[in-house]
Amino acid sequence: MTTPSVSVIVVSRHRPRDLMRCLAGIGQLFHPAYEVIVVADPASAELVRAGDWPVKVVDCDQQNISVARNLGLSQAAGDIVAFIDDDAVPEPTWLTHLCAPFSDPDVTAAGGYVRARNGVSFQWQGRRLDDIGTEGEVPIDGDTPQLFKTHHGFAIKTEGTNLAIRRDALNALGGFDPAFRYFLDETDLNMRLAQIKATVAVVPLAQVHHGFAANSGRTQARTPRDLTQIGASCAVFSRKYPGAKGLDNDYTRHERTQRQRLLTHMVEGRLEPGQIAPLLATFRTGWSEGLARDLVPLPARACSGAAFAPFHSAPPTAQSVKLAGRSWQAFRLRRQARKMVKEGSVVTLILLSPSARPLRVMFTDGGWWEVSGGLLGRTKRSDPLLQRTSFRARVKKEWTSLAMLKTSNQTP
């Protein structure tokens, strides 16, 4: 079976540190045939060029994620195009697992799981959409990819930070809709995939870690700063996929969702009560703006004439290495991890302290994966608060759970 070539598209805007970290993670992928396309603001694009990364770089100074993704698509030469956000880092096996379902010619698109900032819990695992875009549960059994035949009233929701689709299919659909400048852009694509009754795969082991970096609309803690673009995208979405009760009812539904979101932030101490009304006012402003935006048909796009530019000149030969030790050995082990990364290894460092701190998993700026926390601490939120175990047994347990994500010899 021939491994499909993949174009990985990263869109970035004014987040150069996150972008560099994302590219470092992408550089450790085990997939043998992928290129990387970075679409970024001019300053970040110049930084990538200066860093001599083996990637295609496209300047985009327009604050419109759909336009940026389409610019990346215009340079894509892979059979499959995969999307990841600049504030996310993929597991080393991400592309291997994400692209495996495309061996079935009926599969048009695939989405993987998204881990939260702590690297343990999930932001997203698998969801469906009805005919007006309302989300619901979708049954996922274990780690095996599952295929869903979509249709009107049943779309599979993929996340834009962990999405793959056949390049020809995305071009035939017209790419991403520029009317969605921020928010719901990939949801709109999901709805259009359902309109053509596409088969979409949900791939549990295709995982990325998403940091939710700050932007003009939210803080680092995901607290909303401005809801204008969210309101505008909600209005555009409701115009494209109207509910039976009309736009006024749709507005009420979307506004209620945003109000509940703001109240949750207030209860958790991230917003003051007096900030709720002004933020909802920005949502109303955005809704009015979205009602006035032009909605135009999306003609099929011509396929890129660009040459494929592999990130690796040869299939990657990196080995996945595990290091483990106590917290007081951190300095020595991190120095060892840094050295091994420079030599080309994919490194996972497990550091345990004599405490009950919950475990965290993160990709460091130095380029290694670090699992840190207490020897007695829980991994999942559903675990008991205290884990009665030995150091050796705990390291074995954690590595066993990570191996399918970290090692190249795992078959999808």
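**Ground rules**

I am working on a predicted model, where local features need pLDDT of at least 70 and side-chain atom pairs count only at pLDDT 80 or more, while totals for chains, interfaces and linings use all residues. I number residues from 1 along each chain as its sequence is written, and side-chain values use heavy atoms, with hydrogens and water left out. My helices (H or I, at least four residues) and strands (E, at least two) are DSSP runs, numbered from the N terminus.

**Entry: D185 and its partner**

I followed the side chain of D185 to R69, which it meets in a salt bridge at 2.2 Å, N to O. D185 belongs to helix α6 (residues 185–195) and R69 to helix α3 (residues 65–74), so this pair ties together parts that are 116 residues apart in sequence. R69 counts as buried too, because its relative accessibility is 4%. The rule I applied asks for a side-chain nitrogen of Lys or Arg within 4 Å of a carboxyl oxygen of Asp or Glu. By this rule I get 26 salt bridges.

**Entry: staying in α6**

I then checked R192 and D188, whose side chains form a salt bridge at 3.1 Å, N to O. Both residues lie in helix α6, 4 residues apart, about one turn of the helix. R192 counts as buried because its relative accessibility is 7%, and D188 is buried with a relative accessible area of 0%.

**Entry: a salt-bridge network**

Which residues are linked with R15 in a network of salt bridges? I find D86, D87 and R218 there. Within it, I looked at D87 and R15, whose closest N and O atoms are 3.7 Å apart. This pair links distant parts of the chain: D87 sits in the loop between β4 (80–85) and β5 (88–90), R15 in the loop between β1 (6–12) and α1 (16–26), and 72 residues separate them. I note that both D87 and R15 are buried.

**Entry: strand β13**

How many residues of strand β13 are buried? For β13 (residues 199–210) I read 12 of the 12, so this strand is largely enclosed by the rest of the structure. I listed its pairings next, with pairing taken to need at least two bridges found by DSSP between two strands.

- β5 pairs with β13 in the antiparallel sense over 3 bridges, and A88 has H210 as its bridge partner in β13.
- Strand β6 (residues 107–115) runs parallel to β13 and is joined to it by 8 bridges; here V107 stands opposite T199.
- Strand β10 (residues 146–149) is antiparallel to β13 over 4 bridges, with Q146 opposite V202.

A reminder to myself: strands of a sheet pair through backbone hydrogen bonds, either parallel or antiparallel.

**Entry: the three-stranded sheet**

I traced an open sheet of 3 strands in the order β9-β8-β11, with antiparallel pairing. β9 (135–137) and β11 (155–157) stand at the edges with a single partner strand each, so one side of each is left without a neighbour in the sheet. Neighbouring strands here are turned by 45° against each other on average, direction ignored. For angles I use axes fitted as lines to C-alpha atoms, for helices over the stretch in contact, and the values run from 0 to 180 degrees between N-to-C directions. Between strand β8 (residues 127–129) and β9 I see 3 bridges in the antiparallel sense, with L129 opposite E135. Contact here means heavy atoms within 4.5 Å.

**Entry: the four-stranded sheet**

My last stop was an open sheet of 4 strands with mixed pairing, in the order β14-β15-β17-β16. Its edge strands are β14 (320–326) and β16 (360–363), each pairing on one side only. The twist averages 15° from one strand to the next. β14 and strand β15 (residues 346–353) pair in the parallel sense over 7 bridges, and V321 has V347 as its bridge partner in β15. Helix α11 (residues 391–406) packs on the sheet, touching β14, β15 and β17 (369–374), and its direction makes about 150° with that of β15.

Conventions
Buried means under 20% relative accessible area, exposed over 50%, partly exposed in between (1.4 Å probe, protein chains only).
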